[in-house]
Amino acid sequence: MDPGFGVTSLVTAPWHNWVLTPRGVPVLTRGVPTAVPMGCLCQPDHRICPRPPLLHVPQADRAGVGGQEQILADIGVPRLCWATHPTPRVPQGKVPASSILASAPSDRNLDAWRESGCRTTHCNLEVLQESTLVFLATKPHVLPGVLQEIRPAVGPHHIVVSLAAGVTLQTLQRLLPAGTKILRLMPNLPCVVQAGAMVFARGSGAGDGESALLKNLLSSCGLCEEVPESYINIHTGLSGSGVAYVYLFAEALAEGAVKMGMPSGLASRIAAQTLLGAAKVMLETGEHPAKLRGDVCTPGGTTIHALHQLEKGALRATVMNAVEAATNRACDMAKD
């Protein structure tokens, strides 16, 4: 562990919807948090029921850029990742497990964190008291109740990041104290292997510092871009849901090889590596995919014959329709 960092706490995520996978990413945040009175918002046994938890990020002792402090952490990924990676992973030399404070309403949701050496609580306000960067990763329909609970504890030193699908910055700003630093984030599944694609937008109270903080925090999870809020629903259709489109294509690719006589396991591994390699070439060369596709084709060869079949099946139009359908559904969710 870097001796310069004395991380003291971390935020929490709702385990029925998202999980936090600490990855040790540098972030800038503000000074020592203000103590928040627990009051009657927590029950006597410090449980909150039935509201879901939050997600907080730890603080550190070493001063960073511009007199701010630096923290190390990484954030949640969709629920499906929890099934694939049942144990929270804390990287060596970054954020020690003892520096993470996870909050959830049920012990069932905290067992894996305890097994990893993380601290846990049933009181969201305890986490707010120890943290400045707060991730709201609840289901959209329960988020208003969570915001109502934490509103009295949110101060000017807090930075609030919402991962709730369809909940706009305007809604978040209306439900939290005026001037709260709010950002809206949309990650995707491959964040769990540091190959995600994320976009975020900032509210009126958040400035360049908060934007840089979040981008630095997420940098080890993959691509992270700040965008206008109107792009977030498009990102959902393109990348959030798009991961499933790619899995469907990979499945079909492998099954085609199985049909031709290749063992299923080998076909799946080769299909996955093919997708990985193609994506890497596209990213590293910066070439348009149409040019790269043309580079693979030779006159009268196997590839052009195969592409002809894909075009006859309207693959291009079908995928475009899928992105449009998912984007429109994300917009409809925002209206619900």
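**A friendly note on cores and a helix pair**

1. The largest nonpolar core has 23 residues, and Leu136, Leu143, Leu147, Ile150 and Leu172 have the most contacts inside it. A nonpolar core here is a set of buried Ala, Val, Leu, Ile, Met, Phe, Trp, Tyr and Cys residues joined through side-chain atoms within 4.5 Å; buried means under 20% relative accessible area, with a 1.4 Å probe and protein chains only.

2. Please keep in mind that this is a predicted model, where local features need pLDDT of at least 70 and side-chain atom pairs count only at pLDDT 80 or more, while totals for chains, interfaces and linings use all residues. Residues are numbered from 1 along each chain as its sequence is written, and side-chain values use heavy atoms, leaving out hydrogens and water.

3. A second, separate core of 18 residues includes Phe135, Ile159, Leu217 and Cys221.

4. Now look at helices α8 (residues 242-259) and α9 (residues 264-285), which pack at an angle of about 135° with their axes 8 Å apart. That angle makes α8 oblique to α9, because angles under 35 degrees count as roughly parallel, over 145 as roughly antiparallel, 65 to 115 as roughly perpendicular and the rest as oblique. Helices are DSSP runs (H or I, at least four residues), numbered from the N terminus.

5. Finally, find Asn233 in helix α7 (residues 230-240). Asn233 counts as buried because its relative accessibility is 13%.

Terms used: Helix = DSSP H or I, 4+ residues; strand = E, 2+ residues; numbered from the N terminus. Buried < 20%, exposed > 50% of the residue type's maximum accessible area, 1.4 Å probe, protein only. Axes fitted to C-alpha atoms, helices over the stretch in contact; angles between N-to-C directions.
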